[in-house]
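Visitor: Could you take me on a close look at the strand pairing here, and then follow the connections outward from it?

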Amino acid sequence: MRTQVCIIGGGPSGLLLSHLLHRAGVDTVVLERHSRAHVLSRIRAGVLEWGSVGLLDQAGVGARMHREGFVHTGTLIAARNRPIRIDFEALTGSRVMVYGQTEVTHDLYDARDAMGGVIVTGAEGVTLHGLPDAPFVTYVKDGTEHRIDCDYIAGCDGFHGASRATMPASLLKTFEKVYPFGWLGVLSETPPVSHELIYANHDRGFALCSMRNAHLSRYYLQVPTGDRVDQWSDAAFWDELKRRIPHEAADTIITGPSIEKSIAPLRSFVAEPMRWGRLFLVGDAAHIVPPTGAKGLNLAVSDVHYLSRALISHYTDNADDLIEGYSETALARVWKAIRFSWSMTTLLHRFPDQTDFDQHIQNSEIDYLEHSTAARTVLAENYVGLPF
Ligand code: RFL
Ligand code: PHB
């Protein structure tokens with residue numbers, strides 16, 4: 001088989017890249033290790049920056065998002081039982097869209113199907129060859145080995161994928177910070193406790209109230225590294241959540257059985273560069289952020305913006321300057337989101353080694369946020385998303 005761009009990974013970044021390229025007349029094949037049902041069962045991101053909304057619209061996949069998603073013009077940061085409203089609309093003129101990653105991925109699979117896009121699911125043993133100059137990819141499907149010759153490879157295969165691992169260690173520089181806690185997430189078929197997200201800083205640890213729709217809520221608790229899901233009964237989860245969120249929310253929250261419960265570790269990670277000859281890294285394959293800033297999926301989307309633009313310029317105008325600049329351009333935006341996600345995480349969590357001094361700094365930062373429009377503007381501008 002031959003294609004122009006072989007895309008490894010059928011998550012949101014791989015599918016969106018494939019769709020944007022196909023609409024511009026560039027041929028792609030997507031290789032996904034898992035089944036479609038598996039990819040669609042992963043409960044992950046919930047918040048889209050307005051720039052991500054725009055790119056999904058541009059790709060022609062925004063109709064259901066605008067019908068079923070929720071536009072949020074602000075969010076609440078609560079500490080010591082006092083919610084501070086960050087008014088995105090007033091502070092930045094922008095907003096965010098609450099629409100689950102599962103739904104985005106669903107819409108992208110439907111759009112790929114409608115255009116006859118080639119997505120190979122259940123592709124095992126995906127291996128990249130011939131880099132940096134003459135790439136081809138091999139994989140095994142149903143016991144048979146296949147080979148795809150291509151001009152370029154887009155590594156959209158997440159943190160544990162094959163693409164980054166193929167880059168020479170002598171070229172790759174990585175930066176990492178592992179946080180000493182994780183997030184325990186619960187999805188429940190209950191109405192959300194608040195019509196805006198609540199990020200709660202509490203002596204017992206961080207908590208987040210989020211949502212998927214009017215009947216589906218998503219909640220998170222900071223838990224120590226090493227905690228297991230089976231240590232957390234539903235009752236224990238709700239009790240702890242109620243202790244950490246503002247009293248008014250705790251008094252009115254509707255609880256119910258969890259339909260999904262999982263623990264995610266928190267880390268910041270960046271791999272540089274994001275290009276090796278004809279291989280590009282995109283999304284979680286190149287960088288990870290702690291979820292506190294709601295940036296992971298949005299960074300994957302902004303990488304896709306830069307890369308699709310570069311590849312379309314190569315195929316339509318024979319110009320390679322955007323390809324040459326891809327890594328530098330994408331990384332400049334990535335590091336700003338890495339910084340913001342780190343600062344939100346530091347502002348809102350309890351660290352095991354936090355001293356009284358550290359605690360005073362955190363308290364005064366929150367105090368500053370409450371009383372300074374400038375501080376709230378900085379937070380809002382980053383949360384709704386810096387421009388592409
Ligand atoms: P994905 O989604 O991991 O997709 C990669 C795909 O590649 C496949 N794959 C392979 N295929 C073939 N061969 C191989 N060798 C392969 N190895 C892997 C995988 O099966 C998979 O289908 O990466 P992508 O597309 O870059 O998308 C990134 C986002 O998924 C991620 O950044 C977000 O989910 C992060 N995230 C959030 N981001 C936000 O923008 N806002 C949020 O509110 C938000 N909340 C979250 C989050 C992530 C979380 N967890 C669990 C990690 C909340 C949580 C709890
Ligand atoms: C979510 O709804 O899953 C979510 C929302 C905001 C975050 C992280 C996760 O910062």
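**The open sheet and its surroundings**

Guide: Let's begin with an open sheet of 8 strands, which has mixed pairing and the order 6-5-13-14-15-12-16-19. Strands here are DSSP runs of E with at least two residues, helices are runs of H or I with at least four, and both are numbered from the N terminus; two strands pair if DSSP finds at least two bridges between them. The edges are held by strand 6 and strand 19 (287-288), each of which has a single partner strand, so one side of each is left without a neighbour in the sheet.

A word on the ground rules: this is a predicted model, with local features needing pLDDT of at least 70 and side-chain atom pairs counting only at pLDDT 80 or more, while totals for chains, interfaces and linings use all residues. Residues are numbered from 1 along each chain as its sequence is written, chains are lettered from A and ligands numbered from 1 in the order in which they are written, and side-chain values use heavy atoms, leaving out hydrogens and water.

Now step one place in from strand 6. Strand 5 (residues 74-79) and strand 13 run parallel, joined by 4 bridges. Look at Ala 79, for example: its bridge partner in strand 13 is Asn 201. Between strand 5 and strand 6 there is a loop that holds Asn 81. The phi of Asn 81 is near 65°, a positive value in a residue other than glycine. Asn 81 is also partly exposed, with a relative accessible area of 35% (buried means under 20%, exposed over 50%, and partly exposed in between, with a 1.4 Å probe and protein chains only).

Arg 85 and Glu 196 form one, with their closest N and O atoms 2.7 Å apart. Arg 85 sits in strand 6 (residues 82-87), whereas Glu 196 belongs to the loop between strand 12 (173-188) and strand 13 (198-201), so the pair ties together parts that are 111 residues apart in sequence. Arg 85 is partly exposed at 35% relative accessibility, while Glu 196 is buried at 8%.

Arg 204 is partly exposed, with 43% relative accessible area, and Glu 240 is buried, with 7%. Glu 240 also forms a salt bridge with Arg 243, again with the closest N and O atoms 2.9 Å apart. Both of these residues lie in helix 8, 3 residues apart, or about one turn of the helix. Arg 243 counts as partly exposed, at 44% relative accessibility. Elsewhere, Arg 64, Glu 68, Glu 103 and Asp 107 are joined into one network by salt bridges that share partners. The structure holds 21 salt bridges.

Glu 272 and Pro 273 are joined by a cis peptide bond, with omega about -5°. Another cis peptide bond joins Leu 131 and Pro 132, with omega about 15°; here Pro 132 lies in the loop between strand 9 (124-129) and strand 10 (136-141). The loop between strand 10 and strand 11 (144-155) contains Asp 142. This residue has a positive phi, near 50°, and is exposed, with a relative accessible area of 71%.

Let's finish at the ligand. Of the 33 residues around ligand 1, those that come nearest are Glu 32, Arg 42, Gln 101, Asp 284 and Leu 297 (near means a heavy atom within 4 Å). An oxygen atom of ligand 1 is 2.8 Å from an N or O atom in the side chain of Ser 13. Ligand oxygen also lies 3.2 Å from a polar backbone atom of Gly 296. The elements giving two or more residues to the shell are helix 1 (12-23) and helix 10 (296-317), and helix 10 provides the largest share, 4 residues.

Definitions and conventions
A polar contact is a pair of N or O atoms within 3.5 Å; within protein, one must be able to donate a hydrogen and the other to accept it, and residues adjacent in sequence count only if both atoms are side-chain atoms. A salt bridge is a side-chain nitrogen of Lys or Arg within 4 Å of a carboxyl oxygen of Asp or Glu.
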